[in-house]
Amino acid sequence: MSIRPTLQGLIPTISRCASTSAVRKPSEPQTQTIPGQDRVYTDRKTYLYDYYTHLLRTSQLVLLFQHDNLSVSDLQKIRQGIAKISPPKPPTPTSTGADNTPIPIETRASLTILRTGILSALTRHQSIPFPKLKGQTALISSPTLAPKYMSQILTAIQRTIKKNQREGSKDQVIKQPELKLLFGYMEGTKFVEAGQVEQIGKLRDLDGQRSELVGLLEMRGRELVGVLGQAGGGGLVRTLQGLENGLKEQQEGSQASA
């Protein structure tokens, strides 16, 4: 039995496959050029560049961290710890929907793992006063700046990192998870060192300071009302009664001498 007819039948199929593979090319990533830069970015990098820009422009509070040896489980627990903290009250909405209902404003902080090279390029291009960044970085952003909330976030991170410390034998070197605060960036203009961030976290929130001021004014007002009440009420009556009694005594004395 000859196999020549079989091979001859396969030749057209092989030719079609070869021609198809020759025409088909591997998909190339789409690229874009960031305005003001000569460097070309892929779609993914362009998206991250725009997303980081959005975070820096819309967040009143930005905290930059350097992280190391953080697992997916560690990051999930940190995010869960932040989510458990009650966020500050949202400000009055500045925009409304189609039916004129206020659009809710998200005030909860979020944790983002960064591409350090993209963030560095962004800060250079937009003249944001960040120091030179190295290594693996992460960012916590919040639309509102509330010292108490910020302090609670830092405490939750430290507690989670400490709880997730890994144990090993004496001779075994265990790399521990780290999330170190580098600096803060507040209200879109202010660069704050790590030590200053911790000091700001000890300040009272604006609502607390406003309540203290109102209480102080009310207390001063009550004291003033009391003083005026004494001067214009009981004290004045007693003074007039004394004058009246004195006049009566003088009148009686003059009548007796007459």
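Helix H5 of this predicted model spans residues 147-163; its 17 residues reach 24 Å from the first C-alpha to the last, close to the 24 Å expected at 1.5 Å a residue. Helices here are DSSP runs of H or I with at least four residues, strands are runs of E with at least two, and both are numbered from the N terminus. The expected span is 1.5 Å times one less than the number of residues in the helix. Residues are numbered from 1 along each chain as its sequence is written, and side-chain values use heavy atoms, with hydrogens and water left out. Because the model is predicted, local features need pLDDT of at least 70 and side-chain atom pairs count only at pLDDT 80 or more, while totals for chains, interfaces and linings use all residues.

The buried residues of H5 are Pro147, Tyr149, Met150, Ile153, Leu154, Ala156, Ile157, Thr160 and Ile161. Buried means under 20% relative accessible area, exposed over 50%, and partly exposed in between (1.4 Å probe, protein chains only). An α-helix has 3.6 residues a turn, so residues three or four places apart point the same way. Among the elements that cover the buried residues of H5 are strands E3, E5 and E6 (178-186), together with helices H3 (72-83) and H6 (194-200).

Strand E5 (residues 137-142) is itself mostly covered, with six of its six residues buried. Thr137, Leu139 and Ser141 lie on one side, and Ala138, Ile140 and Ser142 on the other. E5 also has strand partners, where pairing requires at least two bridges found by DSSP. Strand E3 (residues 61-68) is joined to E5 by six bridges and runs antiparallel to it; strand E4 (residues 110-113) is also antiparallel to E5, with four bridges. Isoleucine 140 of E5 is the bridge partner of leucine 63, and leucine 111 stands opposite isoleucine 140 as well.

Threonine 116 belongs to helix H4 (residues 116-125). This threonine counts as buried because its relative accessibility is 12%. Leaving aside residues up to four places away in sequence, threonine 116 touches Leu133, Lys134, Gly135, Gln136 and Thr137, with contact meaning heavy atoms within 4.5 Å.

Which side chains meet in a salt bridge? Those of lysine 190 and glutamate 187 do, at 2.7 Å from N to O. The criterion is a side-chain nitrogen of Lys or Arg within 4 Å of a carboxyl oxygen of Asp or Glu, and by this rule the count comes to one. Lysine 190 counts as partly exposed because its relative accessibility is 43%, and glutamate 187 is likewise partly exposed, at 38%.
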